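Reader: I am new to reading models like this one. Could you walk me through some features, please?

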Amino acid sequence: FSPLLNLEILINTEYTVKDRLGRSMIDDAEEKGLITPGKTTLVEPTSGNTGIALAFIARERGYRCILTMPETMSIERRMMLLSLGCEVVLTPKEKAVSGAIAKAEEIKNEIGDDAIILQQFQNPANPKVHRETTGPEIWADTDGELDIFVSGVGTGGTVTGVSQYIKGCPEFDLPTLKPDLQTIAVEPQEQMLLTEAKGGEKRGEQGPHKIQGMGAGIIPGTIDLDYVDEVVAVHSDAAMETCTELWLEGVPVGVSSGAIVNAAVEVCKRPENAGKLAVCIIPSFGERYFTHPMFEPIKAQAEGLQKQPLPEPFDNTEFGFATPRG
């Protein structure tokens, strides 16, 4: 992975790129007088990381938080959400994120006026926080030398906000810093909606995939495809393979990070990109994915480990062995 600059933003409290989004949406709603601590219930559909950010901030500020998510999301994500004090409602995997959105709407309607859906897939505060923080940080940390920006698309807020800051955006009075920046969006090969939206053709079987946090089954309102130069589709198997390689390199990440790094490496291998500087976003750490299918062999190996007898002078019968020497 030598062609890459891996920019890890470690100040995010819950160690996910969505921490900024969660705070930004809550800050924005408070400033607009839309929510009140101790009164408002925050309801949100999520694949996990945005929910973790919202649960953390909701707990700190005194909001009830109810999160809806597809049943395919990992046990670790569910445990983190519950540990942070929110309520979790699972929805059928067949409907992906669209089912979680529908369930969130139902819950909001049942609660009434004291509930709000912050709408991470539609909320302008999503790309805004990346225009104001992530984009400037990447520009400063690379001394303005980056040539390629690679980001996965869940809501599209990161890829949009960062690209708007660096390429310039008259709508938000942002000057052009690097108009020829290559912006690469990454999506699952099994769900090539962005590729199709950019005029490309889908390839292979389309349907469920194993890249949690990407490929929500919708084209989010928070992505501006005009800022995306290319969409790279990565199959779940390739994403898991790259994720495993990253772990062996000492970079413990989740499968979406595997997809993003896989795409970045392939883009950097192109002759026209020789010597160019690429930045890719690592969305979250890997410990919350141990029940993902890619870890099944490791899980089986770990569960199959057996205790070993201790050397003299220990009497191993005290530890359940048949003889003093085990």
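Author: Gladly! Let us start with a definition: contact means heavy atoms within 4.5 Å. Helices (H or I, at least four residues) and strands (E, at least two) are DSSP runs, numbered from the N terminus. Buried means under 20% relative accessible area, exposed over 50%, partly exposed in between (1.4 Å probe, protein chains only). This is a predicted model, where local features need pLDDT of at least 70, side-chain atom pairs count only at pLDDT 80 or more, and totals for chains, interfaces and linings use all residues. Residues are numbered from 1 along each chain as its sequence is written, and side-chain values use heavy atoms, with hydrogens and water left out.

Reader: Which residues of helix 4 are buried?

Author: They are Val97, Gly99, Ala100, Ala104 and Ile107. Seen down the axis of helix 4, these buried residues fall within an arc of 150 degrees (taken from the directions from the helix axis to the C-beta atoms), so they line one face of the helix. Their cover includes strand 2 (41-45), strand 3 (64-70), strand 4 (87-91) and strand 5 (115-117).

Reader: What comes just after helix 4?

Author: Gly112, with a positive phi of about 95 degrees.

Reader: How many disulfides does the structure hold?

Author: A disulfide is a covalent bond between the sulfur atoms of two cysteines. The cut-off here is a pair of cysteine sulfur atoms within 2.5 Å, and the structure holds 0 disulfides. The closest cysteine sulfur to that of Cys65 is in Cys86, 5.0 Å away, too far for a bond. Cys65 is buried, at 4% relative accessible area.
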